[in-house]
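Here is a short tour of one protein model, meant to be read with the structure open beside it.

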Amino acid sequence: MDVTFKIGTLDLHSILSTYNVRYETTYQKVITTLDNVEHPFPAPFRPIVTFSLFPLTDLQSKSVYDALSENIASVTFTDPHAGQDRALTMRVTSDLDSAFGLKSIDGNRYYKGGEIELRAK
């Protein structure tokens with residue numbers, strides 16, 4: 001895939017299996033006018049990046065899990081809607097334990113597969 005995708009300093013573009021960027025409309029507040037009509041005041045669109053990876057080695061799996069387990073990370077990604085790279089602070093909203101299984105009792109994890117979702121703050 002010809003995209004940029006980094007979590008912190010970890011470059012994942014070469015091991016991406018699927019990649020999707022969509023936008024969510026959020027509302028900062030709701031303004032109620034004197035005639036009791038509510039008007040939502042939209043905030044800027046919030047990007048949501050969903051991705052999955054090809055099978056990983058043990059070392060790759062550990063580094064990806066460690067980067068994602070920070071829960072809040074700086075993510076650089078290609079926005080196909082705008083046609084440019086963006087760098088945003090994002091948080092993990094998917095269940096990492098369902099994507100990364102426990103391989104041994106010493107805490108090593110392996111990538112089982114599945115989609116991982118990152119949402120902009």
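## An exposed turn residue

Is Asn-36 buried or exposed in this predicted model? With a relative accessibility of 65%, Asn-36 counts as exposed, because the cut-off for that class is over 50%. You will find Asn-36 in the loop between E4 and E5. Its backbone deserves a look too: phi of Asn-36 is near 65°, a positive value in a residue other than glycine. As background, most residues other than glycine have a negative phi.

The two strands on either side of this loop form a hairpin, with five residues between them. Strand E4 covers residues 27-32 and strand E5 residues 38-42; they run antiparallel and are joined by five bridges. Within this pair, Thr-32 stands opposite Glu-38 of E5.

## The seven-stranded sheet

Now follow the open sheet, where seven strands are arranged in the order E2-E1-E7-E8-E11-E6-E3 with antiparallel pairing. Which strands stand at the edges? They are E2 (10-11) and E3, and each has a single partner strand, so one side of each is left without a neighbour in the sheet.

At the E2 end of that order, E1 and E2 pair in the antiparallel sense over two bridges. Here Ile-7 stands opposite Leu-10 in E2. Thr-18 and Leu-96 are 78 residues apart in sequence, while their C-alpha atoms are 17 Å apart in space.

## The nonpolar core

The largest nonpolar core has 28 residues, and those that touch the most other members are Phe-5, Ile-7, Phe-51, Leu-68, Phe-100 and Leu-118. Two or more residues each come from strands E1 (5-7), E3 (16-24), E6 (46-53), E7 (72-79), E8 (84-92) and E11 (116-120), and from helices H1 (58-68) and H2 (96-99). Helix H1 gives the most to this core, with four residues. In general terms, nonpolar side chains tend to be buried together in soluble globular proteins.

What is Leu-68 in contact with, leaving aside its neighbours within four places in sequence? The list is Ile-7, Phe-51, Val-92, Leu-96, Phe-100, Ile-116 and Leu-118.

## One cavity

A search of the whole structure for cavities of 30 Å³ or more finds one. The largest cavity has a volume of about 40 Å³. Its lining is made up of Ile-7, Ala-67, Leu-68, Asn-71, Ile-72, Ala-73, Val-75, Met-90, Arg-91, Val-92 and Leu-118. The elements that give two or more residues to this lining are H1, E7 and E8.

How many residues of each class line the largest cavity? The count is nine nonpolar, one polar and one charged.

## A loop proline

To finish, move to the loop between E6 and H1, where Pro-55 is found. Pro-55 counts as exposed, because its relative accessibility is 74%. Pro-55 and Val-75 are 20 residues apart in sequence and 21 Å apart in space, C-alpha to C-alpha.

Note on methods. Residues are numbered from 1 along each chain as its sequence is written. This is a predicted model: local features need pLDDT of at least 70, side-chain atom pairs count only at pLDDT 80 or more; totals for chains, interfaces and linings use all residues. Side-chain values use heavy atoms; hydrogens and water are left out. A nonpolar core is a set of buried Ala, Val, Leu, Ile, Met, Phe, Trp, Tyr and Cys residues joined through side-chain atoms within 4.5 Å. Buried means under 20% relative accessible area, exposed over 50%, partly exposed in between (1.4 Å probe, protein chains only). Contact means heavy atoms within 4.5 Å. Two strands pair if DSSP finds at least two bridges between them. On a 1 Å grid over the protein atoms alone, a cavity is a set of points where a 1.4 Å probe fits but cannot get out, and a pocket is an open set with protein on both sides within 12 Å along at least five of seven lines; lining residues have an atom within 4 Å of a point. Grid points are joined across faces, edges and corners, and a volume is the space filled by probe spheres set on the points. Ala, Val, Leu, Ile, Met, Phe, Trp, Tyr, Cys and Pro count as nonpolar, Asp, Glu, Lys and Arg as charged, and the others, Gly among them, as polar.
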